[in-house]
Amino acid sequence: MPGPEELVRAAQRGDALAMQELLGLLTPYVGRLCGPIALDDGPDAAQEALIAIFRNLPRLAEPAAIYGWARAIAVREAVRVAKRSRRAVLADLAEVPAAGNPELAVDIRDVLDRLSPEHRAVLVLRDIEGLDEQTAGELLRVPAGTVKSRLSRARKSFRKEWDR
Amino acid sequence: MSWPVAELDAVARMRVLAAALPGAFVAEAVLDAPFDRVWAVAADLENELPRLLRTIRSVRIVRDDGEDLAADITGHFGLRDSFDIVLRPGWCVMQSGRVVGGMAAVAEGSGTRFAFLGAFRVPVTRPLGPVLRLAGRPLGRGMHARLRDRVTEGEG
């Protein structure tokens with residue numbers, strides 16, 4: 001079976017069977033990125049992200065970079081879709097209960113519900129993708145210092161959950 | 001502790017594939033029959049494709065390696081084409097040098113959401129994309145109507 005690089009090259013040439021194979025590889029990856037950021041809008045975000053990925057695929061110069069390139073598109077699309085949705089909860093982190101508070105959410109979904117899409121994106125890039133602040137900042141187009149402060153504020157409130 | 005994951009069903013993935021192919025049309029409908037019955041008809045390419053697509057006269061499977069198939073398809077206007085095909089439950093994509101076709105199905109309530117995809121693989125399709133997408137709509141309606149008939153006939 002061809003690897004992702006070969007599939008990208010064939011898809012760039014308009015090979016629909018390679019496209020559907022690549023779609024099968026990228027869909028779970030994009031779903032894992034869009035789910036925690038866009039929450040209930042995750043499927044919409046994943047679909048829009050994949051459309052953006054495949055429409056722009058002919059312009060990807062380095063097929064080996066497919067996953068990193070797709071990640072950047074997926075995270076930005078997920079933030080955009082989550083912000084567009086009126087369901088996005090834009091509560092200030094200061095209003096979030098402190099750790100140890102009996103009201104503190106017991107599962108990650110409750111934790112994520114209390115964060116803005118941008119904060120969720122930072123957590124996904126750090127905790128799922130393992131990116132450093134500089135790289136996460138470049139991807140989200142914000143200064144690394146902003147990533148760091150978003151992360152530390154989120155972690156401070158939810159250390160117990162994130163560190164599990 | 002597990003992170004939420006966004007799932008994308010087969011019909012949504014077919015929408016993505018349609019968006020990726022210049023000039024592709026995708027037509028969706030919900031059929032009032034369970035997935036298994038609908039897919040049993042759709043996946044029977046040799047017998048059912050000529051009934052669903054009026055331009056096709058015959059389909060002959062010439063290679064069958066599990067999910068990977070190859071077929072010779074003859075049209076009513078004498079056109080003959082060899083297709084490579086991926087066929088798995090709820091998902092089918094077929095491609096020749098000139099044409100791409102696709103079918104996707106997913107259970108929706110007690111019925112089935114079904115999508116047809118069609119595209120030409122010629123360079124001129126990029127500028128003609130919007131026109132071809134519009135032209136595909138009545139084509140899709142006809143295919144869904146015939147699929148609905150075939151599923152209903154299968155019940156009797």
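**View 1. Helix 2 and helix 4 of chain A cross at roughly 35 degrees.** In this predicted model, helix 2 of chain A spans residues 16-38 and helix 4 of chain A spans residues 66-84, and their axes come within 9 Å. Helix 2 of chain A passes helix 4 of chain A in a right-handed crossing. To find the contact yourself, look on helix 2 of chain A for L26(A), Y29(A), V30(A), L33(A), C34(A), I37(A) and A38(A). Their partners on helix 4 of chain A include Y67(A), A70(A), R71(A), A74(A) and V75(A). By class, this contact of helix 2 with helix 4 of chain A has 15 nonpolar residues, no polar residues and one charged residue.

**View 2. Chain B meets chain A.** Here 22 residues from chain B face 29 residues from chain A in the contact. On the chain B side, helix 1 (10-20), strand 4 (80-88) and strand 5 (91-95) each supply at least two residues. Helix 1 of chain B gives the largest share of that side, seven residues. Sorted by class, the chain B residues that touch chain A are 15 nonpolar, two polar and five charged.

**View 3. Helix 6 and helix 7 of chain A pack at an angle of about 135 degrees.** Helix 6 of chain A (residues 117-128) and helix 7 of chain A (residues 133-140) have axes 10 Å apart. The two helices of chain A are therefore oblique to each other, and their crossing is right-handed. A121(A), V122(A), L125(A) and R126(A) of helix 6 make the contact with A136(A), L139(A) and L140(A) of helix 7. Six residues of this contact between helix 6 and helix 7 of chain A are nonpolar, none is polar and one is charged.

Note on methods: Residues are numbered from 1 along each chain as its sequence is written. Chains are lettered from A and ligands numbered from 1 in the order in which they are written. This is a predicted model: local features need pLDDT of at least 70, side-chain atom pairs count only at pLDDT 80 or more; totals for chains, interfaces and linings use all residues. Axes are lines fitted to C-alpha atoms, for helices over the stretch in contact, and angles run from 0 to 180 degrees between N-to-C directions. Helices (H or I, at least four residues) and strands (E, at least two) are DSSP runs, numbered from the N terminus. A crossing is left-handed if the near helix is turned anticlockwise from the far one by less than a right angle, and right-handed if clockwise. Two residues are in contact if their C-beta atoms, placed from the backbone, lie within 7 Å. Ala, Val, Leu, Ile, Met, Phe, Trp, Tyr, Cys and Pro count as nonpolar, Asp, Glu, Lys and Arg as charged, and the others, Gly among them, as polar. Angles under 35 degrees count as roughly parallel, over 145 as roughly antiparallel, 65 to 115 as roughly perpendicular and the rest as oblique.
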